[in-house]
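Look at the structure below before reading on. The report then goes through its parts in turn.

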Amino acid sequence: MSKHCFLKEYSSFESEKIWLNFDLQLVKKLGQGNMKFKEVTNEGEHHYSCLHCNQQWKLSDPDHAYRGYFLTVQ
Ligand SMILES: [Zn+2]
């Protein structure tokens, strides 16, 4: 992971505040051209890649009791 990537994975977004802060960072990274949206899978995962180091990430949005995740793709 490079400095442009996210510094940690989220096995779940434990609160709405954590999720909103994460989402704001993601929007900024996309807007600044540090990360790129790739695809939505059949399972509803959003896949992204870092344009600097090519690390792949997968995001599942939280929805009420379901808290989602943001993890690297190996
Ligand atoms: Zn990177």
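The sections below describe a predicted model, starting with the sheet and ending with the cysteines.

## The sheet

The model contains an open sheet of four strands, arranged in the order β1-β2-β3-β4 with antiparallel pairing. β1 (35-40) and β4 sit at the edges, and each of these pairs on one side only. From one strand to the next, the twist averages 25 degrees.

## Strand β2 and its two partners

β2 pairs with β1 over five bridges in the antiparallel sense. Two facing positions can be picked out here: Val40 is opposite His46 in β2, and Lys36 is opposite Ser49 in β2. The hairpin of β1 and β2 has five residues between the strands, and Gly44 there takes a positive phi near 85 degrees.

β2 is also joined to β3, by four bridges, and these two strands run antiparallel. His46 stands opposite Leu59 in β3. The hairpin of β2 and β3 has five residues between the strands, and Asn54 in its turn has a positive phi of about 70 degrees.

## Ser49 and Asn34

Ser49 is part of strand β2. Its relative accessibility is 6%, so Ser49 counts as buried. Leaving out residues up to four places away in sequence, Ser49 touches Asn34, Met35, Lys36, Lys38, Asn54, Gln55 and Gln56.

Asn34, one of those contacts of Ser49, is placed in the loop between α1 and β1. Asn34 is buried too, because its relative accessibility is 13% and the cut-off for buried is under 20%. Beyond residues up to four places away in sequence, Asn34 touches His4, Lys29, Ser49, Cys50, Leu51 and His52.

## Leu51

Leu51 is in the loop between β2 (46-50) and β3 (56-60). Is Leu51 buried or partly exposed? With a relative accessibility of 48%, Leu51 counts as partly exposed.

Apart from neighbours within four places in sequence, Leu51 is in contact with Gly33, Asn34, Met35 and Lys36. For Leu51 and Met35, the separation is 16 residues in sequence, while their C-alpha atoms are 5.4 Å apart in space.

## The nonpolar core

The largest nonpolar core has 13 residues. Which of them touch the most other members? They are Phe6, Phe13, Phe22, Leu26, Leu59 and Phe70. Two or more residues of this core come from each of α1 (16-31), β2 and β3. The largest share, three residues, is given by α1. In soluble globular proteins, nonpolar side chains tend to be buried together.

Phe22 shows how parts of the chain meet. Not counting residues up to four places away in sequence, Phe22 touches Phe6, Tyr10, Phe13, Leu59 and Phe70.

## The salt bridge

A search of the whole structure finds one salt bridge. The partners are Glu16 and Arg67, with their closest N and O atoms 3.5 Å apart. Glu16 lies in helix α1 and Arg67 in the loop between β3 and β4 (69-73), so the pair ties together parts that are 51 residues apart in sequence. In general, side chains of opposite charge can pair when their charged atoms come close.

Glu16 has a relative accessible area of 46% and is partly exposed.

## The cysteines

How many disulfides does a search of the whole structure find? The search finds zero. A disulfide is a covalent bond between the sulfur atoms of two cysteines.

Cys50 and Cys53 can still be described by their accessibility. Cys50 is buried, its relative accessible area being 1%. Cys53, at 33% relative accessibility, counts as partly exposed.

Methods
Residues numbered from 1 in each chain as written. Predicted model: local features only at pLDDT ≥ 70, side-chain atom pairs only at ≥ 80, totals over all residues. Heavy atoms only, no water. Buried < 20%, exposed > 50% of the residue type's maximum accessible area, 1.4 Å probe, protein only. Contact = heavy atoms within 4.5 Å. Disulfide = S-S within 2.5 Å. Core = buried A, V, L, I, M, F, W, Y, C linked by side-chain atoms within 4.5 Å. Salt bridge = Lys/Arg side-chain N within 4 Å of Asp/Glu carboxyl O. Pairing = 2+ DSSP bridges. Axes fitted to C-alpha atoms, helices over the stretch in contact; angles between N-to-C directions.
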